[in-house]
Amino acid sequence: MFRIGSHVSMSGKDMMLGSAKEAVSYGANTFMLYTGAPQNTRRKEISQLNIPAAWSYMREHDIDLFCVHAPYIINLGNSVNADTFSLAVDFLALELERTAAMNSPLLIVHPGAHVGAGSQAGIHKIAEGLNAVLTRDTDCLIALETMAGKGSEIGRSFEELASIYDKVNYPDKLRICFDTCHVHDAGYDIVHDFDGVIGELDTLIGKEQIAVFHINDSKNECGAAKDRHANIGQGKLGLNTLRNIVKHPDFLDIPKILETPWIPSKEDPSKTIAPYKEEILALTY
């Protein structure tokens, strides 16, 4: 089944049902949400998320899969501040519980940042954190996101991600979230050699480990290490590159999630609106 959608909100009384309705309004058949604000740990009780009503609506609209994104404040790579690492582990465990309760198979996580301690220290700490939360019976998978390389981010190379896999006790519980903007900004030439880039990942980790794509254009040149998303067709990747990735025969059934910036409304330029309906149409034309 071909799946494409976007990040959607979850708020108000409808909660997850509202997320599903928003996705359908864009012509999507999958989506990604945060279980609360990505910048903090405040979360509603699982019983308040309106999960049964959401799944009833989703089944009516042929949506059988969605993804959850962990909040940005989780930093498993921090070996400098024990409290930050402890918070990351504890909250990641809670997010895994919430993801499973919402019946999503996939929790997307930024691997973490070493905050000056060096990439090897960060990688070891990330693996330590993952080993603290993953068991043989964990109900959903953690997808490590490919990162752009800004600051001290871990995950800017496939080698770094492979090193995390190698140090985790249950690597079968890990997957990869392939972000087109991030990979491009990290220096991989997916405009001219997407298949070659996938070949590199396949050698190190296995291309079958890609469980979700983030489809974003980039405002930056290849290798800029800045992570600035652009709207589809308005950045350095371009519509044709992204359309070819979305339609690549090796990944047709893998969810593609747009995280592009909202755009000014034509009726009222002081307001911004979601571009996802038009961008999904452009990508799938």
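**Figure 1. Helix H9 and the second largest pocket of the predicted model.** Helix H9, residues 276-284, gives the most to the lining of the second largest pocket, with three residues. The structure shown is a predicted model. The residues that line this pocket are Asn231, Ile232, Gln234, Ile263, Ile273, Pro275, Glu278, Glu279 and Ala282. Sorted by class, five of the lining residues are nonpolar, two are polar and two are charged. The volume of the second largest pocket is about 170 Å³.

**Figure 2. The largest pocket and the residues at its centre.** The largest pocket holds about 210 Å³ of space. Its lining is made up of 14 residues, and those nearest the centre of the pocket are Tyr34, Tyr72, His110, His229 and Glu259. The lining of the largest pocket has four nonpolar, five polar and five charged residues.

**Figure 3. The packing of helices H5 and H7.** Two packed helices are described by the angle between their axes and the distance between the axes. Helix H5 (residues 158-167) packs with helix H7 (residues 190-204) at an angle of about 20°, and their axes are 10 Å apart. Angles under 35 degrees count as roughly parallel, so H5 and H7 are roughly parallel to each other. Their crossing is right-handed. On the H5 side the contact is made by Phe158, Glu159 and Ala162, and on the H7 side by Val197, Glu200, Leu201 and Leu204. By class, the contact of H5 with H7 has five nonpolar and two charged residues, and no polar ones.

Definitions and conventions
Residues are numbered from 1 along each chain as its sequence is written. This is a predicted model: local features need pLDDT of at least 70, side-chain atom pairs count only at pLDDT 80 or more; totals for chains, interfaces and linings use all residues. Side-chain values use heavy atoms; hydrogens and water are left out. On a 1 Å grid over the protein atoms alone, a cavity is a set of points where a 1.4 Å probe fits but cannot get out, and a pocket is an open set with protein on both sides within 12 Å along at least five of seven lines; lining residues have an atom within 4 Å of a point. Grid points are joined across faces, edges and corners, and a volume is the space filled by probe spheres set on the points. Ala, Val, Leu, Ile, Met, Phe, Trp, Tyr, Cys and Pro count as nonpolar, Asp, Glu, Lys and Arg as charged, and the others, Gly among them, as polar. Helices (H or I, at least four residues) and strands (E, at least two) are DSSP runs, numbered from the N terminus. Axes are lines fitted to C-alpha atoms, for helices over the stretch in contact, and angles run from 0 to 180 degrees between N-to-C directions. Angles under 35 degrees count as roughly parallel, over 145 as roughly antiparallel, 65 to 115 as roughly perpendicular and the rest as oblique. A crossing is left-handed if the near helix is turned anticlockwise from the far one by less than a right angle, and right-handed if clockwise. Contact means heavy atoms within 4.5 Å.
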